[in-house]
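The report below walks a new reader through a protein chain, moving from its charged pairs to its overall build and then to some local details.

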Amino acid sequence: MSGELLTVLMFAGLLVGLLMGHPLAFVLGGLALIFAYLGPGPQVFGIIINRIYSQMDNYILIAVPMFILMARLLSDSGVTENMFHALRLMLGRVRGGLLFATIAISVVLAATTGVIGASMTVMGVLALPSMVKYGYQKELSTGVIAAGGSLGILIPPSIMLVILGSYAQISVGQLFAAALGPGLLLAGLYALYCGVLTFFRPDLGPPVSEDELGQTNRAEILKLVIKMAFPPIVLVIGVMGSIFAGWATTTEAASVGAFLTFLMVIAYGKFSWSMLQDAVSATARTTSMVLFVIVGATAFTGVFVAIGGTRIVSGYLDGLGLGPWGVFFLMMLIVFLLGMFLDWLGIVLICLPIFLPIATANGFEPLWFVMMTAIVLQTSFLTPPFGYALFYLEGVAPPGVTLGHIYRGVIPFIILIIIGSGLCIIFPQIITWLPTVIFSSYR
């Protein structure tokens, strides 16, 4: 059987398996076994096992459970509720103030967790009922929460960036530095959109009345905001600062972050043995899911490479005559479309080993290309029918907020992500400037 036919059948089998609702890890692993027999033969199993062992022996992956544990502990610490209350008092008098508060809290959560499930659940429970209560448009409210909560997978520390760095053989510290610019750019675009929209349409995000805000003066509110923001800032400095200063590796910094978050839980009086047991159990379950997918994807890509799939796909793209930028935009389009049906982990583990060599051969800088892929992957959480953020938000939405409101609400923010991606193409320094400043090895 020819390599071209095997390549087509592998992707067709992947599509069929996912549409039938089977878990991604077992679809990838099962296809690897089937096509290993149909293609190279049983001798390829030794290569696959060696590839899997090399991934399981990857020191950087230890950061994944640490960041997941940090996210879970932070959500249990109560710091998010206090910060949102303080920002609600500060920004409630402004048109769209609760939208700005939601974006600000989402950035803080993104910079301290790296897991969107925690961000989406917390913001859905905290912000959405308040915005509905004060007359904010439901579509705008749900869109802001979904888009803001999804920043957790882009703004470092992020488990997606850890996985990307592991597979692309790029320093995770450099990826963290490269992600700050695009992450803050998207947050700024979201805030700008909300500001312009509520300026011309104040009925979409009306100010909260003085009676509802209470009699707290502005100086007290500012003092409260600073007090509530201090612990997360210390956490961010402890994690990101130790990486950028060269004091700790990403794995070591993740451990520092988990320890600091544990101290925050104790300081806020939220610690209990049952809470710690739940946090560790949830971390183990999520980590196991990630590692199962990594094993399946490693086997899948190993067989794909063995049958010549990378060479075939590269030759096909070059044969289209699109030129380097045409090939780049086609790859980004594939990532965008896959985001409607797959989660980010599956897309990264399937596409990156295929696309990165093609991008490098076409003259694109690997760090910039990997970050562009990460930015486009933001849409995978928002695009129907299978955007994870949509279902996270639906699960915690108050009565009266439907999946239709959520679907309509995310459309402008998907467009904003595309605009942000375009700005990073036109101005690549948004991605490359900070790694150049911090890491001499990148210059």
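Aspartate 203 is partly exposed, because its relative accessible area of 45% falls between the limits used here (buried means under 20% relative accessible area, exposed over 50%, partly exposed in between, with a 1.4 Å probe and protein chains only). Its side chain meets that of arginine 201 in a salt bridge of 3.0 Å, N to O, where a salt bridge is a side-chain nitrogen of Lys or Arg within 4 Å of a carboxyl oxygen of Asp or Glu. Arginine 201 also counts as partly exposed, at 41% relative accessibility.

The model is predicted, so local features need pLDDT of at least 70 and side-chain atom pairs count only at pLDDT 80 or more, while totals for chains, interfaces and linings use all residues. Residues are numbered from 1 along each chain as its sequence is written, and side-chain values use heavy atoms, with hydrogens and water left out.

By the salt-bridge rule the count comes to 2. Besides the pair already described, the side chains of arginine 408 and glutamate 139 meet at 3.0 Å, N to O. This pair links distant parts of the chain, 269 residues apart, with arginine 408 in helix H20 (residues 403-426) and glutamate 139 in helix H8 (residues 138-150); helices (H or I, at least four residues) and strands (E, at least two) are DSSP runs, numbered from the N terminus. The accessibility of the residues in the two bridges is set out here.

| Residue | Relative accessible area | Class |
|---|---|---|
| Aspartate 203 | 45% | partly exposed |
| Arginine 201 | 41% | partly exposed |
| Arginine 408 | 46% | partly exposed |
| Glutamate 139 | 18% | buried |

**Overall build**

The secondary structure comes to 21 helices and 0 strands. The radius of gyration is 22 Å, which agrees with the value near 22 Å that a compact globule of 443 residues would have; the radius is taken over C-alpha atoms, and the globule rule is 2.2 Å times the number of residues to the power 0.38. Along its principal axes the C-alpha trace spans about 75 × 45 × 45 Å. Buried residues make up 54% of the 443 residues. Among contacts between residues at least 6 apart in sequence, 80% join residues at least 24 apart, a contact meaning heavy atoms within 4.5 Å.

**Inside the protein**

The largest nonpolar core has 147 residues, and those with the most contacts inside it are Ile163 and Trp344; such a core is a set of buried Ala, Val, Leu, Ile, Met, Phe, Trp, Tyr and Cys residues joined through side-chain atoms within 4.5 Å. The largest share of this core, 13 residues, comes from H17. Apart from it lies another core, of 6 residues, among them Leu69, Leu73, Met275 and Ala279. Leaving aside its neighbours within four places in sequence, tryptophan 344 is in contact with Ile153, Ile159, Met160, Ile163, Leu377, Ser380 and Phe381.

Helix H15 (residues 309-319) has as its buried residues Gly309, Thr310, Ile312, Val313, Ser314 and Leu317. These pack against helix H1 (3-19), helix H14 (273-306), helix H16 (323-338) and helix H17 (344-361). Just after H15, glycine 321 takes a positive phi of about 70°.

In helix H12 (residues 218-244) lies valine 225, which is buried with a relative accessible area of 16%. Neighbours within four places in sequence aside, valine 225 is in contact with Ala86, Leu87 and Met90.

**The surface and the loops**

The protein exposes about 18300 Å², of which carbon and sulfur atoms supply 70%; accessible areas come from the Shrake-Rupley method with a 1.4 Å probe, and for residues only the protein chains shown count as cover. On the surface, Phe259, Leu263, Ile266, Phe271 and Trp273 form a nonpolar patch with about 550 Å² of accessible area together. Patches are made of residues with over 30% relative accessible area and no salt bridge, like charges being joined within 9 Å and nonpolar side chains (Val, Leu, Ile, Met, Phe, Trp, Tyr) within 5 Å. Helix H13 (residues 250-267) gives the most to the nonpolar patch, with 3 residues. Isoleucine 266 lies in helix H13 and counts as partly exposed at 43% relative accessibility.

A cis peptide bond, with omega about 0°, joins proline 156 and proline 157, and proline 157 has its place in the loop between H8 and helix H9 (159-168). In the loop between H9 and helix H10 (172-200) lies glutamine 169, which has a positive phi of about 55° although it is not a glycine. Glutamine 169 is exposed, with a relative accessible area of 69%.
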